[in-house]
Amino acid sequence: MTGIMSEAELHQIKQRLHQGERQKAARGELRLPVPAGLAHDRSGEIILNPDEQVQARLGLVFAKFRELHSARAVMRYLRKNDLPLPVRPVLGLAPHDVVWRQADSPQVLSILQNPAYAGAYVYGRRRVDGGRISHGVYRPKTTKVPIADWEVCLQAAHPGYIGWEEFMENQRRLANNINRYEAGHSGVPRKGAALLQGITVCGRCGRRMSLRYSGPADDYPVYTCRADRHHEGGPLCQEVRALPVDAHVESILLEALRPDKIAIAIAALGQIEEETRQLERQWALRRERARYEAERARRQYDAVEPENRLVARSLERVWEEKLRAAEAIEQDYERWRQDEPLVLNELDREALQRLGEDLPGIWHSPATTAAERKGILRLIIDEVILDQKRFRGQVWFKILWQTGATSEHSLQRRVHAYGDYIDLERLRRRVIELNAAGKMDKEIAATLNAEGFVAARGCPFKGENVWLLRTRWGIPTVKINGTSANPDRWPDGSYSV
């Protein structure tokens, strides 16, 4: 009984300690570790890291995510330009010093998902939820807590790099980048041939449509809604062939952007110059840090006694390494300056402006990837609602533009039988009229193609199609010779029986 009471007393003491910690955190007075972009001053207040390179690098991360909308794309951009990220390691000889490491996806995500960079004081982002015994040791399991369930969240508690509204928008965008169509996520633009990948919505059930590829080489994308099959075990809700819809949406998009070609070209020029200025700023801070490290190593070498060769040799070796590192950075900077001039000359500006005004040429260029086309499309279009069962022989779709406007369109779709043809009665009347005018089947087919008619399977009409339709509808062949026997060869080059 004494042992049980002792355990209970220890549990109560632990609970009181945790409650005191929570109360102190609720007042914002509990000192928590801060990421590399922040620091504590002498009074204990949280401030931005005084290091300008750290501030500039983190500002670049948020700016590029605002532009690229993908953490992985930001990571690739940082690695392409050899821009490491500042990290404050928890473990190590100097756990509170900032070190620079090559960018990877977890580091970029930790920056974008950290509310401290939005100026918020947060307690309770993670909790211990169960655990398991591994090799005889109990290992607790730590899980993330949703933002709405954080115990303490004090907004604007200290300076930050972004605002709280932008932080919440970044979290929604990161969650939407996960390819989960069942949850309504659109995912990031990928390299498939389907232009509307991730932003198509079923016009019958309202769920987001997924994507599959058909054909012998799996190169024909199809938008499909599997909600009824997954939820109820029934047939597919609907499937829409992607290529005709994509071509129609593509023409609508380019036509909508045609009045703004000059503005787009000017904006592209401004973006290129702004990106060059950002990179020049990063290079300037990086060179300054390298020079400072070399100068610091020199001062340490000068401060040692000349007779103490045991220490002097080590400091001399460190100084030489810092000098070589600074020289390598200067050489990399010169190579970057040759490839990326800081100021565009008039010829380059005129060429870029002509290129920016030729938006269809950029769109159809082989150098433009499918992911880039999808990225351009998503800047203008939010969602596309598809329904191919609303009208016979048509694919009806509604475009929800990013401005909030909507527009409805339709196009003729491929059907397997003429019973589902878009305008069967008009086609029948036209065949009867042309046949009564004394035209042969091939001539009727040529006339139908010239008037914009398309056969059931989406191909042009041929004489065989017209003969099949006449036979089905009971339209007799016109005797061009009246009641006399048919000639051996008709005027169109075909032979009689």
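**Reading a core and a helix crossing**

User: Which residues does L85 touch, leaving out those up to four places away in sequence?

Analyst: This is a predicted model. In it, L85 touches R57, V61, L78, V99, W100, R101, A103, Q107, V108 and I111, with residues up to four places away in sequence not counted.

User: Where do nonpolar side chains tend to be in soluble globular proteins?

Analyst: They tend to be buried together. Here the largest nonpolar core has 39 residues. Those that touch the most other members are V61, F62, L78, L85, V108, I111 and L112.

User: Which elements give two or more residues to this core?

Analyst: They are α2 (52–68), α3 (71–80), α4 (105–112), α5 (164–176), α8 (261–303) and α9 (309–339). The largest share is from α2, with 6 residues. There is also a second, separate core of 29 residues. A194, C202, Y223 and I399 are among them.

User: Now the helices. How do I read the crossing of α3 and α4?

Analyst: Take the distance and the angle together. The axes of α3 and α4 come within 9 Å. They cross at roughly 120 degrees. An angle over 145 would count as roughly antiparallel, and 65 to 115 as roughly perpendicular. The two helices are therefore oblique to each other. Their crossing is right-handed.

User: Which residues make the contact?

Analyst: From α3 come A71, R72, V74, M75 and L78. From α4 come S105, V108, L109 and L112.

User: How many residues of this contact are nonpolar, polar or charged?

Analyst: The contact of α3 with α4 has 7 nonpolar, 1 polar and 1 charged residues.

Conventions: Residues are numbered from 1 along each chain as its sequence is written. This is a predicted model: local features need pLDDT of at least 70, side-chain atom pairs count only at pLDDT 80 or more; totals for chains, interfaces and linings use all residues. Side-chain values use heavy atoms; hydrogens and water are left out. A nonpolar core is a set of buried Ala, Val, Leu, Ile, Met, Phe, Trp, Tyr and Cys residues joined through side-chain atoms within 4.5 Å. Buried means under 20% relative accessible area, exposed over 50%, partly exposed in between (1.4 Å probe, protein chains only). Helices (H or I, at least four residues) and strands (E, at least two) are DSSP runs, numbered from the N terminus. Contact means heavy atoms within 4.5 Å. Axes are lines fitted to C-alpha atoms, for helices over the stretch in contact, and angles run from 0 to 180 degrees between N-to-C directions. Angles under 35 degrees count as roughly parallel, over 145 as roughly antiparallel, 65 to 115 as roughly perpendicular and the rest as oblique. A crossing is left-handed if the near helix is turned anticlockwise from the far one by less than a right angle, and right-handed if clockwise. Ala, Val, Leu, Ile, Met, Phe, Trp, Tyr, Cys and Pro count as nonpolar, Asp, Glu, Lys and Arg as charged, and the others, Gly among them, as polar.
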